[in-house]
Every structure is written in C-alpha cells, then in structure tokens.
Amino acid sequence: MSMRLLIPLVVALSVVTAAPASAHQRSDVITGHSAELHPEGVTWDPVRNAFLLGSVRHGTVEVLRDGVTRTLAADPRMISTFGLHVAGTKLYVTYADMGLARRSTPDTTFKSSGLAVFDLFTGKAKRFTDLAIGDGPHAANDVAVDWYGNAYVTDIASDAIYKVDSRGNASVLVRDPRFKSPSIGLNGIAWHPAGYLLVGRYDTGTVFRVPLTNPAAFTEVALERPVVGADGVDLRPDGSLAVVTNNLGSPGENGVTVLRSRDNWRSARVTDHVAPWADNEPTTIARTPRGSYVLDGDLGKLLSGTGTSDTFTLRKLR
C-alpha cells in the first residue's frame with residue numbers, strides 16, 4: 001500500500017477508534033454531577049466509550065466522563081431532551097417541553113415536540129423533524145431505529161406512534177384511542193428485527209406489539225401481570241426485553257422487569273425481576289460492553305416542584 005493511501009487510512013482509524021474507558025466508567029455504580037441536569041434518557045456511545053445523557057432541564061445532550069459532563073449537542077429548538085439512540089454515525093434525540101425546563105414557555109409547553117438527528121462524531125445537527133402532528137398536546141419521548149434508518153417515536157401526551165424516514169419525512173405510523181392516557185401514555189419503544197415494534201404504555205403497564213407491515217393490526221402482548229410504570233426498555237441480544245418501571249407518575253414500583261417470549265411476542269413471561277431498585281427514580285436503561293446500566297436522574301424534585309438536583313446515578317443491572 002502506498003503512503004498516499006496509508007495516511008488517510010490511519011487518520012480515519014484514529015477517528016473511529018473508541019477512547020479508553022476511565023476507571024469511573026467501569027464502576028458498577030456511577031454517580032454523576034452536573035448542575036440541574038436531570039437526565040431522563042441515556043445511551044451508550046461506542047465512539048467515545050462513554051454514556052450520553054439527555055437533560056429535562058437544559059435540553060442538551062451530554063457526554064459523561066469521570067463523573068462530570070460536557071455538552072455534545074444543543075439547539076434552541078430542544079427545550080428538554082428525552083430518548084437517545086445511537087445508530088451508526090448518527091445520534092437520534094427526541095425533544096419536547098413538559099414545562100420543566102429552564103426555557104419552558106406557555107407557547108412551547110406540550111407543543112414543542114420532535115426528533116433531532118446529530119452527527120455522532122461532531123455533535124453537529126443534521127436535521128430536525130417536527131412531530132407535533134395533529135390537535136392536542138404533544139411530547140415526544142422515546143425513539144427506536146430500524147436497519148434502514150427509519151425512526152419510530154412515541155408521544156406520552158398523544159395517541160400516536162410516529163415514523164420518521166431516513167430523509168426526515170414524518171408520518172403517523174398508527175393512531176389509536178388505546179394509546180391515549182389522561183396522564184402518561186406511550187413511553188419506551190424497541191424495534192424488533194422480525195419486523196415489529198414493542199411499545200410500553202406507562203400508566204397501564206401494557207406492552208403493545210406493532211407490526212410494521214400493518215401497524216393498525218397491533219395487539220397487546222399477553223403478560224402475567226402488567227408492568228405498570230413502564231418507562232425505558234431495552235431489547236437485548238438474547239431476545240429478552242428489559243423494562244424499567246417507576247412510580248414518578250403512576251402506582252408502579254421502582255424496579256426492572258425482564259420479559260421473554262416464546263411465541264414471537266404474542267405473549268411473554270417474567271424471567272427476572274429486581275425491585276425495589278436501589279435508586280428511587282429509575283427511568284431507562286442503556287446497554288454497554290460491560291452490561292446494562294439503569295439511570296436515575298433525580299426527576300422527583302423537578303416533577304414535584306420542590307427544587308432541582310445536581311446529581312444522577314447509573315447503576316449496573318445484575
């Protein structure tokens with residue numbers, strides 16, 4: 001190979017090679033500090049070998065290293081950031097305004113709602129897609145992405161699941177009264193390679209199976225008992241679904257339930273259940289090379305209006 005070809009190759013490899021994890025990142029319990037961050041969403045960044053966190057309070061995406069954060073992505077359109085998902089070189093971020101952010105206003109609360117896509121390497125915005133589709137309140141919450149770059153977004157305040165294609169075009173994948181809640185509705189979402197979505201409804205603990213070839217033919221997954229307070233989910237490599245539950249806005253318990261199906265998610269049984277969780281307000285889960293970590297962004301103070309917090313916790317699921 002000539003030097004002319006070798007030099008660009010070496011440069012490219014230096015860009016994509018993951019940074020080594022610090023001792024802090026390898027801990028089973030990680031306590032982070034960031035002024036009024038209140039992260040609700042988290043994902044793993046394989047490029048930096050670090051966690052990425054959203055912020056209900058600031059509407060940013062933060063990189064966590066050695067217990068402190070630095071901003072990777074920000075934009076005035078993002079009042080609060082929620083679900084995060086890394087796919088290839090792209091970072092998908094849902095944003096909304098639930099009236100809890102520093103920049104919340106009456107004009108944006110439950111009206112600002114969408115999906116942003118950033119370049120994972122630079123944090124530069126690639127596009128924003130408005131998802132305040134139709135009448136009523138809106139608050140985009142979680143996102144799943146398929147092999148083709150299509151994103152699927154839940155809305156806790158609406159009765160719909162949205163699809164955003166690889167070019168940023170938005171549409172209603174399916175709308176149904178069974179998705180609508182008087183409090184918090186559709187929340188965690190996962191894309192299954194067999195061609196359907198698994199979606200949790202927070203207040204009832206229902207899990208829906210939504211076939212992408214015919215979304216209107218969605219069904220409820222038959223469960224031994226509902227996973228009330230179902231927040232973030234993770235479809236794991238072994239085929240099981242980890243569901244984080246809390247009682248921030250429901251009578252659910254603070255814990256993690258692992259579900260497994262033998263009939264392609266027509267039904268599922270509980271194979272593991274960890275409750276009460278060691279932290280009081282778990283919201284979601286991120287899978288890393290060292291295992292899965294559950295996030296507690298100390299949202300209770302923010303939701304109750306009793307104050308704010310500068311700390312958050314990531315705890316390994318055993």
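Aspartate 203 and arginine 201 are both buried in this predicted model. The two residues form a salt bridge, with 2.6 Å between the closest N and O atoms. Elsewhere, salt bridges with shared partners join Asp28, Arg290 and Arg318 into one network. The mean pLDDT of the chain is 93, and 92% of the residues reach 70 or more.

**Confidence**

- Helix α1 (residues 3–16) has the lowest confidence in the chain, with a mean of 38, and β7 has the highest, at 99.
- The pLDDT is below 50 over residues 1–17, and this stretch has six contacts in the model beyond near neighbours in sequence.
- Where pLDDT is low, the predicted coordinates should not be read in detail.

- Serine 181 is located in the loop between β13 and β14.
- With a relative accessible area of 7%, serine 181 is buried, because the limit for that class is under 20%.
- The side chains of serine 181 and aspartate 203 are joined by a polar contact of 2.6 Å.
- The side chain of serine 181 also reaches the backbone oxygen of isoleucine 184, at 3.3 Å.
- From serine 181 to tyrosine 202 the C-alpha to C-alpha distance is 8.8 Å, and the two are 21 residues apart in sequence.

**Other salt bridges**

- The count of salt bridges comes to 13.
- Side chains of opposite charge can pair when their charged atoms come close.
- One of the salt bridges is between glutamate 36 and arginine 102, whose closest N and O atoms are 3.0 Å apart.
- Glutamate 36 sits in the loop between β1 (29–33) and β2 (42–45), and arginine 102 in the loop between β7 and β8, so this pair ties together parts that are 66 residues apart in sequence.
- Another salt bridge links arginine 175 with aspartate 159, the closest N and O atoms lying 2.7 Å apart.
- Arginine 175 belongs to strand β13 (residues 170–175) and aspartate 159 to the loop between β11 (151–155) and β12 (160–164), so the pair ties together parts that are 16 residues apart in sequence.
- Arginine 175 has a relative accessibility of 37% and counts as partly exposed.

**Largest nonpolar core**

- The largest nonpolar core has 17 residues, and the members that touch the most others are Leu52, Val61, Met78, Leu91, Val93 and Phe118.
- At least two core residues come from each of β3 (50–53), β4 (60–65), β5 (68–74), β6 (80–87), β7 (90–96) and β8 (113–119).
- The strand that gives the most to this core is β7, with three residues.
- Leucine 91 has contacts with Thr43, Leu52, Val61, Leu72, His85, Val86, Ala116, Val117, Phe118 and Leu120, when residues up to four places away in sequence are not counted.
- In soluble globular proteins, nonpolar side chains tend to be buried together.

**The four-stranded sheet**

- An open sheet of four strands runs in the order β14-β15-β16-β17, with antiparallel pairing.
- Its edge strands, β14 (186–192) and β17 (219–220), each pair on one side only.
- Strand β16 (residues 207–211) and β17 run antiparallel and are joined by two bridges.
- Arginine 209 has threonine 219, in β17, as its bridge partner.

**The five-stranded sheet**

- Five strands form an open sheet in the order β18-β22-β21-β20-β19, and the pairing is mixed.
- At the edges stand β18 (222–223) and β19 (230–235), each having a single partner strand, so one side of each is left without a neighbour in the sheet.
- The partner of β18 is strand β22 (residues 267–274): the two run parallel, joined by two bridges.
- Alanine 222 has serine 267, in β22, as its bridge partner.

Note on methods. Residues numbered from 1 in each chain as written. Predicted model: local features only at pLDDT ≥ 70, side-chain atom pairs only at ≥ 80, totals over all residues. Heavy atoms only, no water. Core = buried A, V, L, I, M, F, W, Y, C linked by side-chain atoms within 4.5 Å. Buried < 20%, exposed > 50% of the residue type's maximum accessible area, 1.4 Å probe, protein only. Contact = heavy atoms within 4.5 Å. pLDDT = per-residue confidence, 0-100. Salt bridge = Lys/Arg side-chain N within 4 Å of Asp/Glu carboxyl O. Pairing = 2+ DSSP bridges. Polar contact = N/O pair within 3.5 Å; in protein donor to acceptor, adjacent residues only side chain to side chain.
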